Amino acid sequence: MRAANLLVGATLAEVGRHIKPGVTTAELDRVAEEFIRDHGAQPTFKGFPNPYGSPFPASICTSVNDVVVHGIPDDKTVLKDGDIISVDCGTLLNGFCGDSCYTFCVGEVAPEVKALLDVTRESLYRGIAQAVAGHRLGDIGSAVQDYCEEHSYGVVRELTGHGIGHKMHEEPSVPNYGRRGNGIMLKAGMCIAIEPMITMGGREIYLSPDRWTVRTRDGKPAAHFEHTIAVRRGEADILSSFEEIETKA
């Protein structure tokens, strides 16, 4: 699990090095797929089934500005100065899955948008701090929700984190909202992906006609950060990593 997730972190860092004005999201997808396959893994997103439409056609999700999740890379979406882009990535390596997401700034981003990213990233770590044996799922969701709503941001309800292991999506669902002390109890050894999806405006979202792309209803930006962690006694073990993204990207 750790190897698969560290590869995701390295892939996101490699993609991050290519994020700049003028680059298309399709170019970023090609960088990611080549990097993943060159390291002996498979991109788990490519061909991922959709009960409402066609399988996902790319190796990463590239969600720009008001796209919350599942943006499809293409040659028409050209990054501009001031954009933000969430890059979600999954790998399958030696039978185990990795999954992580990071929201990048493209050039100079407005201070209020940068603040959204900072709060969303911090909310992820506040959720992770609650992911210890003996706590409950509601403790994670409450930590994320309380922090983001203190800053007047919207917390998406319809999309959640998830269990992860031999398959990318396993039980349980891990909401980014909830009440402390509620939900299933966490046990040492459980692996879950925690992924706050936070909006600058209202929390309402809608599904685009492509049956993948999820956008904010009010058109305001959204941020998305994700780590895969292993539940331990005392402190969660973060299996993915932002270190290379934030030091070399």
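**Note on the predicted model**

1. Helix 4 is followed by serine 152, whose phi is positive, near 65°; helices (H or I, at least four residues) and strands (E, at least two) are DSSP runs, numbered from the N terminus. This is a predicted model in which local features need pLDDT of at least 70 and side-chain atom pairs count only at pLDDT 80 or more, while totals for chains, interfaces and linings use all residues. Residues are numbered from 1 along each chain as its sequence is written, and side-chain values use heavy atoms, with hydrogens and water left out.

2. The 14 residues of helix 4 (residues 137-150) should span 20 Å at 1.5 Å a residue, and the end C-alpha atoms are 20 Å apart, which agrees; the expected span of a helix is 1.5 Å times one less than its number of residues. Helix 4 is largely enclosed by the rest of the structure, because 11 of its 14 residues are buried, where buried means under 20% relative accessible area, exposed over 50%, and partly exposed in between (1.4 Å probe, protein chains only). Among the buried residues are Leu137, Ile140, Val144, Tyr147 and Cys148. The buried residues of helix 4 pack against helix 3, strand 6 (154-155), strand 8 (170-174), strand 9 (191-194) and strand 10 (197-199), contact meaning heavy atoms within 4.5 Å.

3. A nonpolar core is a set of buried Ala, Val, Leu, Ile, Met, Phe, Trp, Tyr and Cys residues joined through side-chain atoms within 4.5 Å. The largest one has 53 residues, of which Ile19, Leu28, Ile85, Val87, Ile140, Ile194 and Ile229 touch the most other members. Helix 1 (2-17) gives the largest share of this core, seven residues. Isoleucine 194 touches, among others, Leu124, Ile128, Ile140, Val174, Phe225 and Ile229, not counting residues up to four places away in sequence. A second, separate core of 11 residues includes Met168, Trp212, Ala230 and Leu239.

4. A search of the whole structure finds 13 salt bridges, each being a side-chain nitrogen of Lys or Arg within 4 Å of a carboxyl oxygen of Asp or Glu. Glutamate 246 forms one with arginine 121, the closest N and O atoms being 2.8 Å apart. Since glutamate 246 lies in helix 5 (residues 243-248) and arginine 121 in helix 3 (residues 111-129), the pair ties together parts that are 125 residues apart in sequence. Both partners count as partly exposed, glutamate 246 at 38% relative accessibility and arginine 121 at 26%.

5. Arginine 37 forms a salt bridge with glutamate 33, with the closest N and O atoms 2.9 Å apart; the two are separated by about one helical turn, because they are four residues apart in helix 2 (residues 25-38). Arginine 37 is partly exposed at 43% relative accessibility, whereas glutamate 33 is buried at 16%. Aspartate 83, which is buried with a relative accessible area of 5%, meets lysine 80 in a salt bridge (3.7 Å, N to O). Arg2, Arg232 and Asp237 are linked in a network of salt bridges.

6. Histidine 224 is found in strand 13 (residues 222-224) and is buried, with a relative accessible area of 2%. The side chain of histidine 224 makes a polar contact with the side chain of glutamate 195 (2.8 Å); a polar contact is a pair of N or O atoms within 3.5 Å, where within protein one must be able to donate a hydrogen and the other to accept it, and residues adjacent in sequence count only if both atoms are side-chain atoms.
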